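Here is a short briefing on one protein chain. Look at the sequence and the structure first, then read the notes by topic.

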Amino acid sequence: MNLSGIAAVITGGASGLGAATARHIAALGAKVALVDINAESCAQVAKEVDGLALSCDVTDAASTEKALSDAKQKHGTARLVVNCAGIAPAAKVVGKNGPHDLELFRKVIEVNLIGSFNVLRLAASEMIALDSLADGERGVVINTASIAGYEGQIGQAAYSSSKGGVIGLTLPAARELARSGIRIVAIAPGLIETPMFNNLAPAAVEKLVASTIFPKRLGKPEEYARLVQHIAENVLINGTTIRMDGSIRMN
Ligand SMILES: NC(=O)c1ccc[n+]([C@@H]2O[C@H](COP(=O)([O-])OP(=O)(O)OC[C@H]3O[C@@H](n4cnc5c(N)ncnc54)[C@H](O)[C@@H]3O)[C@@H](O)[C@H]2O)c1
């Protein structure tokens, strides 16, 4: 799918990977709607990319339905949806202060997994009605997993569970929506330099970087954005999770 002129929705578009994707695909001519719980930063990025800022909590069905409906009214039904909204709090199963807070575990699953599914189901139900393009394609939904979905570290029980869920969602959703020409793909980034890293001490970041194979550096949000572009343009990529991680294997 050529991105020029198409409508796109990016969740988590106010920051990090979502904001970089918004900038990249807007430069390629896509009409971008940003969905984020952080209304202020969302409006800033939207202004930069001449896009639409939609304040929304992706875990909430009604709020997300309204955001996608506003995006459709302004730009038409989105053919590209990128789910970047996410949170990554760290907590041990049994920490210094006792067992993992169950509400925190629930919240991480709610935002990272249920939020992605919520957007996927609503977006796909609109995409189905679009005219098909070359190869019968109507659209693509790209979810953001994580290498922690495969190799989570201590403290990532909730986060890794949520990202494992995103990986597991990819194939059944792609199989089901194939008949409507809708692709479902996930990206599993390694360590990408975004505000998510702000809470980590420099020594911890250094240690993580040392465990990458090549190149020995953090990834750049623009590298994620370029992969989104490639997935959108390459109709053969479907039903899979692509690692983008400099071959890091976290231990
Ligand atoms: N940065 C990395 O190294 C890395 C690695 C692997 C996976 N990821 C994943 O990539 C995605 C983007 O991460 P990032 O690094 O850009 O983080 P980020 O913190 O910079 O951006 C996340 C955005 O999601 C928004 N958000 C959070 N909860 C929301 C909700 N309920 N509804 C709507 N918006 C909400 C935040 O306001 C923020 O703008 C996340 O799913 C993250 O788990 C990041």
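D50 is exposed, because 9 other C-beta atoms lie within 10 Å of its own. A residue counts as exposed with 12 or fewer such neighbours, as buried with 20 or more, and as partly exposed in between, with C-beta atoms placed from the backbone. The model is predicted: local features need pLDDT of at least 70, side-chain atom pairs count only at pLDDT 80 or more, and totals for chains, interfaces and linings use all residues. Residues are numbered from 1 along each chain as its sequence is written.

- Most residues other than glycine have a negative phi, and most peptide bonds are trans.
- D50 has a positive phi of about 55 degrees, although it is not a glycine.
- D50 sits in the loop between α2 (39–48) and β3 (52–55). Helices (H or I, at least four residues) and strands (E, at least two) are DSSP runs, numbered from the N terminus.
- S247 is not a glycine either, yet its phi is positive, at about 60 degrees.
- S247 lies in the segment after β9 (241–244). S247 counts as exposed because it has 12 C-beta neighbours inside 10 Å.
- The peptide bond from F214 to P215 is cis, with omega near -5 degrees.
- P215 is in the loop between α6 (202–210) and α7 (221–233).

**Helix pair α4 and α5**

- The axes of α4 (residues 102–127) and α5 (residues 157–177) come within 9 Å and cross at roughly 20 degrees. Axes are lines fitted to C-alpha atoms, for helices over the stretch in contact, and angles run from 0 to 180 degrees between N-to-C directions.
- α4 and α5 are therefore roughly parallel to each other. Angles under 35 degrees count as roughly parallel, over 145 as roughly antiparallel, 65 to 115 as roughly perpendicular, and the rest as oblique.
- The crossing of α4 and α5 is right-handed. Right-handed means that the near helix is turned clockwise from the far one by less than a right angle; anticlockwise is left-handed.
- On the α4 side, the contact residues include L104, F105, V108 and I109. Their partners in α5 include A158, Y159, V166 and L169. Two residues are in contact if their C-beta atoms, placed from the backbone, lie within 7 Å.
- By class, the contact of α4 with α5 has 14 nonpolar, five polar and one charged residues. Ala, Val, Leu, Ile, Met, Phe, Trp, Tyr, Cys and Pro count as nonpolar, Asp, Glu, Lys and Arg as charged, and the others, Gly among them, as polar.

**Helix pair α3 and α4**

- The axes of α3 (residues 61–75) and α4 come within 10 Å and cross at roughly 40 degrees. That makes α3 oblique to α4.
- The crossing of α3 and α4 is right-handed.
- A61, T64, E65, L68 and K72 in α3 meet N118, V119, L122, A123 and E126 in α4.
- The contact of α3 with α4 divides into five nonpolar, two polar and three charged residues.
- L122 belongs to α4. L122 counts as partly exposed because it has 19 C-beta neighbours inside 10 Å.
- Leaving aside neighbours within four places in sequence, L122 is in contact with T64, E65 and L68.

**Helix pair α1 and α7**

- The axes of α1 (residues 16–27) and α7 come within 8 Å and cross at roughly 55 degrees. That makes α1 oblique to α7.
- α1 passes α7 in a right-handed crossing.
- G16, L17, A20, T21, H24 and I25 of α1 make the contact with P221, E222, Y224, A225, R226, V228 and Q229 of α7.
- This contact of α1 with α7 holds seven nonpolar, four polar and two charged residues.

**Nonpolar core**

- The largest nonpolar core has 69 residues, of which A8, V9, V32, L34 and L80 touch the most other members. Such a core is a set of buried Ala, Val, Leu, Ile, Met, Phe, Trp, Tyr and Cys residues joined through C-beta atoms within 7 Å.
- A8 touches I25, A30, K31, V32, A78 and L80, not counting residues up to four places away in sequence.
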